[in-house]
Every structure is written in C-alpha cells, then in structure tokens.
Amino acid sequence: MLRCIQLAENGLGNTYPNPLVGSVIVYDGKIIGEGWHKKAGEPHAEVNAINAVKDTSLLKKSTI
C-alpha cells in the first residue's frame with residue numbers, strides 16, 4: 001500500500017478533477033507492474049500498471 005501512495009504522488013497537480021491513484025500488480029509476492037494516474041483524461045493507474053507488466057500471462061494469477 002505504501003508503494004501505491006508513493007506512486008500516486010507522481011500525479012500531484014495533474015489529475016484534477018480525478019483523485020491521485022497509484023497501483024501495483026503482485027504475483028507470487030513480487031511487484032510485476034506498477035503505475036499511477038499521470039494526467040486527467042489519460043489512462044488511470046490500474047491501466048498503466050497492467051500495461052507495465054512484461055509477462056502478461058501472469059496477470060490472471062496476480063493481485064492488483
């Protein structure tokens with residue numbers, strides 16, 4: 001959760017009227033993807049985290 005908060009802070013001043021959001025994807029206890037909402041009108045944190053995963057076959061077995 002701390003990592004999500006750290007990632008969310010990257011969007012400070014750019015996401016209004018949307019909230020600051022950070023997201024991590026975890027597989028087998030390791031972060032395999034992470035993202036944040038970079039700017040209003042652009043993809044949200046969860047989408048950016050999914051797009052950051054290199055081995056997408058792990059997504060079905062992962063937690064976001």
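Q: Hi! Starting at Lys60: buried or exposed?
A: Lys60 counts as exposed, at 83% relative accessibility. Here buried means under 20% relative accessible area, exposed means over 50%, and partly exposed is in between (1.4 Å probe, protein chains only).

Q: What kind of model is this, and how are things counted?
A: This is a predicted model, where local features need pLDDT of at least 70 and side-chain atom pairs count only at pLDDT 80 or more, while totals for chains, interfaces and linings use all residues. Residues are numbered from 1 along each chain as its sequence is written, and side-chain values use heavy atoms, with hydrogens and water left out.

Q: Thanks! Where is Lys60 placed?
A: Lys60 is in the segment after helix 2 (45-52). Helices (H or I, at least four residues) and strands (E, at least two) are DSSP runs, numbered from the N terminus.

Q: And how far is Lys60 from Tyr27?
A: C-alpha to C-alpha, the two are 9.5 Å apart in space, and 33 residues apart in sequence.

Q: New topic: how do strand 1 and strand 2 run, and how many bridges join them?
A: They are antiparallel, with six bridges joining strand 1 (residues 22-27) to strand 2 (residues 30-36). Two strands pair if DSSP finds at least two bridges between them.

Q: Which residues in strand 2 partner Ser23 and Ile25?
A: Ser23 has Gly35 as its bridge partner, and Ile25 has Gly33.

Q: Which peptide bond is cis?
A: The bond from Tyr16 to Pro17 is cis, with omega near 10 degrees. Pro17 sits in the loop between helix 1 and strand 1.

Q: How many salt bridges are there?
A: There is one salt bridge, meaning a side-chain nitrogen of Lys or Arg within 4 Å of a carboxyl oxygen of Asp or Glu. Arg3 pairs with Glu34, and their closest N and O atoms are 2.7 Å apart. Arg3 lies in helix 1 and Glu34 in strand 2, so the pair ties together parts that are 31 residues apart in sequence.

Q: How exposed are Arg3 and Glu34?
A: Arg3 is partly exposed at 32% relative accessible area, and Glu34 is partly exposed at 28%.

Q: What lies over the face of Trp36?
A: Lys38 does, at 5.1 Å from the ring centre. A charge sits over a ring if NZ of Lys or CZ of Arg is within 6 Å of the ring centre and within 35 degrees of the ring normal.

Q: Last one: where is Ile5, and how exposed is it?
A: Ile5 is found in helix 1 (residues 2-8) and is partly exposed, with a relative accessible area of 46%.
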